[in-house]
Amino acid sequence: MSRLSTRPYKGTRDFFPEDMRLRDQVFGQLRQTLISFGYEAYDGPMLEPFELYAAKSGEELVNEQLYSFEDRGGRKVAMRPEMTPTLARMVAARGGQLSRPIRWFSQPNLWRYERPQRGRLREHWQLNVDLLGIEQEIAEVEVMQIAIALLRGFGAGITDFEVQINHRQLMNDLFDKVLQLQTEQVPAVARAIDKRAKIPTEQFETLLSEAGCSLLQIQQLTHFLDAPLMDLEEILGDSEGFQSLCRFFDQVNAMGLGPVCRFKASIMRGLDYYTGIVFEVFDKHPDNRRALFGGGRYDNLVGMFGGQSIPGVGFGMGDVTFFDFLETHGLMPEAKGMTNVLVGLFDNTGLTHALQIAQELRAAGLNVESVLTPQKLGKQFQSADKKGIPFVVMAGPDEMAEGLVSVKDMRSGEQAQMPLTALPTYLLAQYS
RNA sequence: GUGAGUGUAGUCAAGUGGUUAAGACAUCGGAUUGUGGUUCCGACAUUCGCGGGUUCGACUCCCGUCAUUCACCCCA
């Protein structure tokens, strides 16, 4: 019989206490930023009906990456690969009851059947931020402002990342009205555009001609891709997508966010439900060139459930890529332990007394660990040192005889004696 | 799904055909039975992912297999 493996399932992670400390701290900081923008937390189930994704999430995600199975009642269910459909379902369920705009965020774990590699696992936690009920581009602007604030909050500089922005309708109009592509040509052309930055020009042109593009179409497309947004007015000035992007950038520039935002035609996004502006936040560090955030506008998703239609904008940010970002830029915060005090134990006759001390300190608002079995004092201090607990309280026979307790500050090594009644105040003073 | 790299202790590893498998960190015990971070001593791989082959002899070479990492694809 082979032994059970202690490894976590492929593409998943164990979070040991030292990992969890860091995760809690980083997630907590992200959460705090969202709260500062007036967003409220929500959550939903990890399992959803398969159909929820089949309709709008996009072919690759559903056919190749979905963890799905039949439950005991014969219903086809899926482990959530993304949060937006759940969000849309929840918003649709409450329909008009919700006061608008709706500002919600969540930190769900998501599952995708992928081949694990740098920045991508099978289970990851994703911060999801959504703003619903606003049709104007100001919604995108706020959401983008949040994305930037999240990164800036960890000390990222404005040259460390870039927000790359495109518009679904602009691309549709380019394909239909300017290039006049056949519908079946679009995916291949879109893929070529996406790859363009990574491959030589000739190869890019080969891909396009393989997709059935004429020389003229290739020229037009190249011109389009190289032009700054403003120069596109002559060819796509009538496009609603173009006008929307202009309004968006006017506001972004007015707010001084212009330098980190860039129009980029290669941003396509795989999810089918996007209807307007789409964007990705890219790490600009050469060792970590990847998307940290992805999102966009989905005006028809809530309406899919049959009630009223509510427009929405949102993005997701994955923990795996985000931690890579922090690591790469040297921005990883230091995770501190939460325990303030260790109450030691000299011998068993003092156990009840020691436990009472611990209880009193907890009642005063401190986080307190008790030593439960007598150990050499050296071990107890060593244990506090290893765990980073800054204070050790001792009440052995000597202290008890005098009605006192000893407190040692592990950082300075200094030790003081005082009556038990003075202890909570003394310790709290160290934290103010 | 395709391609490449890597598998030696809890972790990082040395070892590249000759038999007691370096070292470091971590862990545990002791020096030090009322005080940690330093120091010193000791313990910790019958065995090199697994299976087979070549050889007098394999951690070392070959084949297979599994695991893992990276890249493609796509994305968080």
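View 1. Directly following helix 6, Q180 adopts a positive phi of about 55 degrees. Helices (H or I, at least four residues) and strands (E, at least two) are DSSP runs, numbered from the N terminus. The model is predicted: local features need pLDDT of at least 70, side-chain atom pairs count only at pLDDT 80 or more, and totals for chains, interfaces and linings use all residues. Residues are numbered from 1 along each chain as its sequence is written, while chains are lettered from A and ligands numbered from 1 in the order in which they are written.

**View 2. The buried residues of helix 6.** In helix 6 (residues 168–178), R168, L170, M171 and L174 are buried; a buried residue has 20 or more other C-beta atoms within 10 Å of its own, with C-beta atoms placed from the backbone. Their cover includes strand 8 (161–167), helix 9 (215–226), helix 10 (233–236), helix 11 (240–254) and strand 10 (277–283).

View 3. I193 belongs to helix 7 (residues 186–195). Why is I193 buried? I193 counts as buried because 22 other C-beta atoms lie within 10 Å. Apart from neighbours within four places in sequence, I193 is in contact (C-beta atoms, placed from the backbone, within 7 Å) with L225, A265 and S266. L221 is 28 residues from I193 along the chain, and the C-alpha atoms of the two are separated by 9.0 Å.

**View 4. The setting within chain A.** Chain A contains 16 helices and 17 strands. Of its 432 residues, 31% are buried.

Key. Buried ≥ 20, exposed ≤ 12 C-beta atoms within 10 Å, placed from the backbone. Contact = placed C-beta atoms within 7 Å.
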